[in-house]
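Let's walk through this protein together, from its overall layout down to single residues. Have the sequence and the model open side by side as you read.

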Amino acid sequence: MIDNHTRIDHAKAHCASHELYKGILDGKARGVFNGKIYVHQDAQKTDAKQTNKTLLLSDDAVIDTKPQLEIYADDVKCTHGATIGQLDADQLFYLRARGIGLEEARNLLTYAFANDIIGRIQVASVRQQLEDYLLARQHLPRTE
């Protein structure tokens, strides 16, 4: 069980935030994402986006997601949303049709989902460490 709670406060005008929160749950894992963007009255011209995407790798995995906007300014651009799903059957079929086994195909797709976040990390040593961990976890070789 893992609970994740985030809050972004916009207190001044002309600020931006773009939150992308991704999770991967397998087995009988349960998770919570509760994210709030709070826009104060003086925070006019705020541009805030909140996205939560969760990949469920088993039928028993469960996520409760609650993205929230609380807006007290009247000149803002704010969006929020959440998607929850399993691996795409068409993508699995595509990889399997090219001779990739089911487990490796699942691992590749899971890696791609997670690597979207890892690729955004600007500190090279941290990014490399996380990518190495993800490759090892998915039993995938490093390619240079």
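Among contacts in the protein between residues at least 6 apart in sequence, what percentage join residues at least 24 apart? The figure is 73%. Keep in mind as we go that this is a predicted model.

Let's begin with the overall layout. The protein has six strands and three helices, and reading from the N terminus the order is β-β-β-β-β-β-α-α-α. Along the principal axes, the C-alpha atoms occupy a box of roughly 55 × 35 × 30 Å. The chain counts 144 residues, and 32% of them are classed as buried.

With a relative accessibility of 22%, Gln68 is partly exposed. Setting aside residues up to four places away in sequence, Gln68 touches Asn34, Gly35, Lys36 and Ile37, and also Gln50 and His80. For a sense of distance across the model, take Thr143: it lies 75 residues from Gln68 along the chain, and the two C-alpha atoms are 40 Å apart.

The largest nonpolar core is built from eight residues: Leu55, Leu57, Leu87, Leu92, Leu95, Ala105, Leu109 and Phe113. Helix H1 (89–97) and helix H2 each contribute at least two residues to this core, and H2 provides the largest share, with three.

Between H1 and H2 runs a loop, and Gly101 sits in it. Gly101 is partly exposed, at 35% relative accessibility. Compare its position with that of Ala13: the C-alpha atoms of Gly101 and Ala13 are 52 Å apart, with a separation of 88 residues along the chain.

From the loop we can follow the chain into the next pair of helices. How do H2 and H3 cross, and at roughly what angle? The axes of H2 (residues 102–118) and H3 (residues 124–137) come within 10 Å of each other and cross at roughly 170°. Because of that angle, H2 is roughly antiparallel to H3. On the H2 side, the residues that meet H3 are Tyr111, Ala114, Asn115 and Ile118, while H3 brings Arg127, Leu130, Glu131, Leu134 and Leu135. Sorted by class, this contact of H2 with H3 comprises six nonpolar residues, one polar residue and two charged residues.

Finally, let's check the cysteines. How many disulfides does a search of the whole structure find? The search finds zero. A disulfide is a covalent bond between the sulfur atoms of two cysteines. For Cys15, the closest cysteine sulfur belongs to Cys78 and is 12 Å away, so the two are too far apart for a bond.

Terms used. Residues numbered from 1 in each chain as written. Predicted model: local features only at pLDDT ≥ 70, side-chain atom pairs only at ≥ 80, totals over all residues. Heavy atoms only, no water. Axes fitted to C-alpha atoms, helices over the stretch in contact; angles between N-to-C directions. Helix = DSSP H or I, 4+ residues; strand = E, 2+ residues; numbered from the N terminus. Parallel < 35°, antiparallel > 145°, perpendicular 65-115°, else oblique. Contact = heavy atoms within 4.5 Å. Nonpolar A, V, L, I, M, F, W, Y, C, P; charged D, E, K, R; others polar. Disulfide = S-S within 2.5 Å. Core = buried A, V, L, I, M, F, W, Y, C linked by side-chain atoms within 4.5 Å. Buried < 20%, exposed > 50% of the residue type's maximum accessible area, 1.4 Å probe, protein only.
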